[in-house]
Amino acid sequence: MKTNAALAAFVVLEERMRTGERTITIRLAGFAGGLFAACAVALSAYAMHATLEPHAREQVIIAATFAFGHGIALAALARHGAHWLGAVSLMALLAGVLLFSGSLVGAAVAHGPTTFAPLGGMITIAGWLLFAAHCLRR
């Protein structure tokens, strides 16, 4: 009896995901995408108007460009979060942007190390590769 109930629950869940019901991953990816794009605009303005050393300005511009591009991608691809592989790829992109751009901004503003930037870049690359695999599976 428990097996039939579990199977029925799985079928209902699969149907909801297939029909495009909004899941937390979809909402989170769309929200993060919009937030990253907005932060990128603010960072660009900060880079142009703040008194920064040339290297720090370059770091902020790179972080803003990275966050803007991936923010738009997250917002546009959010609907793929309904499938588990799509969700994992989007969460990897989200984490990668936070680590990469956050590390660069932290270094430029607070003179901290960029220790997490390479890790963020690798996670972002992995996220894009997972997304490519997700697209092949569909």
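I began with two phenylalanines and noted that F66 is buried and that F100 is buried as well, where buried stands for under 20% relative accessible area, exposed for over 50% and partly exposed for what lies in between, with a 1.4 Å probe and protein chains only. The model is a predicted one, in which local features need pLDDT of at least 70 and side-chain atom pairs count only at pLDDT 80 or more, while totals for chains, interfaces and linings use all residues. Residues are numbered from 1 along each chain as its sequence is written, and side-chain values use heavy atoms, with hydrogens and water left out.

**Aromatic pairs.** I searched the whole structure and found two aromatic pairs; rings of Phe, Tyr and Trp (its six-membered ring) pair if their centres lie within 6.5 Å, and planes under 30 degrees apart count as stacked, over 60 as edge-to-face and the rest as tilted. F66 and F100 make a tilted pair, with 4.3 Å from centre to centre and 40 degrees between the planes. This pair links distant parts of the chain, since F66 sits in helix α3 and F100 in helix α4, 34 residues apart. For W128 and F131 I noted ring centres 6.2 Å apart and planes at 85 degrees, so this pair is edge-to-face. W128 and F131 are three residues apart in helix α5 and therefore separated by about one helical turn. I looked up their accessibility too: W128 is partly exposed, at a relative accessible area of 32%, whereas F131 is buried, at 9%.

**Helix α5.** I checked the length of α5 (residues 117–137), whose 21 residues should span 30 Å at 1.5 Å a residue, and the end C-alpha atoms are 30 Å apart, which agrees; the expected span is 1.5 Å times one less than the number of residues. The buried residues of α5 are A117, G120, G121, T124, G127, F131 and H134. They cover an arc of only 140 degrees around the axis, which puts them on the same side of α5, the arc being that of the directions from the helix axis to the C-beta atoms. On the face turned away from this buried side I found the exposed residues M122, I125, L129, L136 and R137. The cover over the buried residues of α5 includes α3 (54–77) and α4 (84–110), with contact meaning heavy atoms within 4.5 Å.

**Whole chain.** I counted five helices and zero strands in the protein chain, taking helices (H or I, at least four residues) and strands (E, at least two) as DSSP runs numbered from the N terminus. Of the 138 residues in the protein chain, 38% are buried.
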